[in-house]
Amino acid sequence: SKKQAEKAVHQKKEQSKTKCRKARRRHINLVAEFNHRQRKNIWLETHIWHAKRFHMVKKWGYCLGNSPTEKSYRACYRAMTKHCLLQDLSYYCCLELKGKENELLKQLARICSIDTGLTFQDASCLSGRFEGSLNLYRADHYPEDMLGPVTFIWKPRDGSENRQLWIWVHPALKQ
């Protein structure tokens, strides 16, 4: 009985190796394999493109391109000389805040400071025409306990006193 079990396992191993490369690389198999491989770490939409050109690292629950391989230095340099180099930041977290504008501003004033420059109240940003960036601090702890940089944009006013604010934060700051 024990020998039969070992024989069955051995036959299964031999069977799995007999598939040719074409069969293993079929679209359905690739999708299943990719879904299996991204269970622990989320892949960005551009993962396969990056995986061919960068050394990948697993950080913050994502699989990210860290440093270019020898293949892509020339391509990156060429793109930069033509002023067109993109970076995939889709792993950044978007937080949405909704509420009365004055109440939101009152609470947001606790986590940033006018001393560092721009705040959520800046007129050009408050109108919703421009994106702003600032450093966040733990509530009422400025200048200690800096959490990190964020970018934000207000949804343009629609006549009501309720507003929407979108804040993009690095995954390390999400908590």
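Mentor: Contact means heavy atoms within 4.5 Å. Take His-170, placed in the segment after E7. Leaving aside neighbours within four places in sequence, His-170 is in contact with Trp-60, Tyr-91 and Tyr-92.

Trainee: What kind of model is this, and how are residues numbered?

Mentor: This is a predicted model, in which local features need pLDDT of at least 70 and side-chain atom pairs count only at pLDDT 80 or more, while totals for chains, interfaces and linings use all residues. Residues are numbered from 1 along each chain as its sequence is written, and side-chain values use heavy atoms, with hydrogens and water left out.

Trainee: Why is His-170 called buried?

Mentor: Buried means under 20% relative accessible area, exposed means over 50%, and partly exposed lies in between (1.4 Å probe, protein chains only). His-170 has 17%. That value is under 20%, so His-170 is buried.

Trainee: How many aromatic pairs are there?

Mentor: Six. In one of them, the ring centres of Trp-49 and Phe-54 are 6.4 Å apart, with 40 degrees between the planes.

Trainee: Which accessibility classes do Trp-49 and Phe-54 fall in?

Mentor: Trp-49 has 47%, in between the two limits, so Trp-49 is partly exposed. Phe-54 has 16%, under 20%, so Phe-54 is buried.

Trainee: Why is the pair of Tyr-62 and Tyr-91 called tilted?

Mentor: Tyr-62 and Tyr-91 are 6.0 Å apart, centre to centre, and their planes make 55 degrees. Tyr-62 lies in strand E3 (residues 62–68), and Tyr-91 in the loop between helix H5 (73–81) and strand E4 (93–100), so the pair ties together parts 29 residues apart in sequence. Helices (H or I, at least four residues) and strands (E, at least two) are DSSP runs, numbered from the N terminus. Tyr-62 and Tyr-91 are both buried. Ring pairs also link Trp-60, Tyr-62, Tyr-91 and Tyr-92 into a cluster.

Trainee: How do you know that Glu-161 and Lys-100 form a salt bridge?

Mentor: A salt bridge is a side-chain nitrogen of Lys or Arg within 4 Å of a carboxyl oxygen of Asp or Glu. The closest N and O atoms of Glu-161 and Lys-100 are 3.9 Å apart, within 4 Å, so the pair counts. Glu-161 is in the loop between strand E6 (146–154) and strand E7 (162–169), and Lys-100 in strand E4, 61 residues apart. Glu-161 has 51%, over 50%, so Glu-161 is exposed. Lys-100, at 44%, is partly exposed. The structure holds four salt bridges.

Trainee: What makes Glu-101, Arg-157 and Arg-163 a network?

Mentor: Salt bridges link them. Arg-157 meets Glu-101 at 3.1 Å, N to O. Arg-157 is in the loop between E6 and E7, and Glu-101 in helix H6 (residues 101–108), 56 residues apart. Arg-163 meets Glu-101 at 2.8 Å. Arg-163 is in strand E7, 62 residues from Glu-101. Both distances are within 4 Å, so both pairs count.

Trainee: Why are E4 and E5 called edge strands?

Mentor: Two strands pair if DSSP finds at least two bridges between them. Four strands form an open antiparallel sheet in the order E4-E7-E6-E5. E4 and strand E5 (132–137) each have a single partner strand, so one side of each lacks a neighbour in the sheet.

Trainee: How do you know that E6 and E7 pair?

Mentor: E6 and E7 share five bridges in the antiparallel sense. The requirement is at least two, so they pair. Trp-154 has Leu-165 in E7 as its bridge partner.

Trainee: What joins E1 to E3?

Mentor: Two bridges join them, and they run parallel. That meets the requirement, so E1 and E3 pair. Ile-42 stands opposite Tyr-62 in E3.

Methods
Phe/Tyr/Trp six-rings, centres within 6.5 Å; stacked < 30°, edge-to-face > 60°.
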